Amino acid sequence: MVVQNKPEMSRDREPPVNLLWYHLFKWSVVSPMLGLYFRGRVYGTDQVPKTGGLVVVANHASDFDPPLLSAAVRRPVSYMAKEELFKVPVLSQAIRLYGAYPVKRGSADRSAIREALKQLEQGWAVGIFLQGTRTPDGRIPDPKIGAALIAAKAQVPLLPVSLWGTQRIFTKGSSIPRPTPLTIRIGAPIAPPPSTAREGLEVITTQCATEIHRLHDLGR
């Protein structure tokens, strides 16, 4: 009798050790900073799917954005990081536990898509900044379609999130984060494009950027 191996089932939550690390770091460091130091306000947490793959899309104005975003959505959010960081002792283990995945220089697009899909298969929420880089005012003048492409390939929803005020955490020449008020607003999940056709990806990308701007315009 031939026994066929069953395909591995997708998980609906992040691995337990990663969840533990996330909660330890969140409650000991990030949440106190967000709530007390930055007087942070978070709206729309009821919109966040608690399980399953999810692409979290947001604007980006500060290096503080990734951990603040993870704390606000109340589940770990995985981000790509330079491959070189995974060769640093201690730091490598720490960022892996927090959900980072490596991307090689010179092949960022291919590596990012491949690794993000692996994370989604394991039940992670994957974070992607629509502009692809920081902007000085937190706006998204030229949203990239990468998030919509990943969501289409994995057939998972996109969650639009606005980070308001983070561009003021550091001022020019400052090395200490300022206690500037922050507001994070979470919108309703957006269904993924039905296919990877570029026209559909652009439509969903525009929809995500428009919703993030709408939330951002609500201000404090």
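Modeller: A nonpolar core is a set of buried Ala, Val, Leu, Ile, Met, Phe, Trp, Tyr and Cys residues joined through side-chain atoms within 4.5 Å, where buried means under 20% relative accessible area, exposed over 50% and partly exposed in between, with a 1.4 Å probe and protein chains only. This is a predicted model, in which local features need pLDDT of at least 70 and side-chain atom pairs count only at pLDDT 80 or more, while totals for chains, interfaces and linings use all residues. Residues are numbered from 1 along each chain as its sequence is written, and side-chain values use heavy atoms, with hydrogens and water left out.

Colleague: Which residues have the most contacts inside the largest nonpolar core?

Modeller: They are Val55, Val57, Leu130 and Leu158, in a core of 26 residues. Helices (H or I, at least four residues) and strands (E, at least two) are DSSP runs, numbered from the N terminus, and those giving two or more residues to this core include strand E2 (54-58), strand E6 (125-129) and helix H6 (198-217). H5 gives the most, with six residues. Apart from this core lies another, of 24 residues, among them Val48, Phe64, Tyr79 and Ala125.

Colleague: Which residues of helix H5 are buried?

Modeller: In H5, which spans residues 146-154, the buried residues are Ala147, Ala148, Leu149, Ile150, Ala151 and Ala152. After H5 comes glutamine 155, whose phi is positive, near 55°.

Colleague: Is proline 177 buried or exposed?

Modeller: Proline 177 counts as buried because its relative accessible area is 18%, and its place is in the loop between strand E7 (158-164) and strand E8 (183-186). Contact means heavy atoms within 4.5 Å; leaving aside neighbours within four places in sequence, proline 177 is in contact with Tyr37, Phe38, Phe64, Ile169 and Phe170.

Colleague: How much space lies in the largest pocket?

Modeller: On a 1 Å grid over the protein atoms alone, a pocket is an open set of points with protein on both sides within 12 Å along at least five of seven lines, and lining residues have an atom within 4 Å of a point. The largest pocket here holds about 1,300 Å³, and of its 42 lining residues the closest to its centre are Tyr79, Met80, Ala81, Gly127 and Phe129. Helix H4 (residues 108-121) gives the most to that lining, with five residues.

Colleague: What is the volume of the second largest pocket?

Modeller: The second largest pocket has about 160 Å³, and H1 gives the most to its lining, with five residues.

Terms used
1 Å grid on protein atoms, 1.4 Å probe; cavity = no way out; pocket = protein on both sides within 12 Å on 5 of 7 lines; lining within 4 Å. Points joined across faces, edges and corners; volume = space filled by probe spheres on them.
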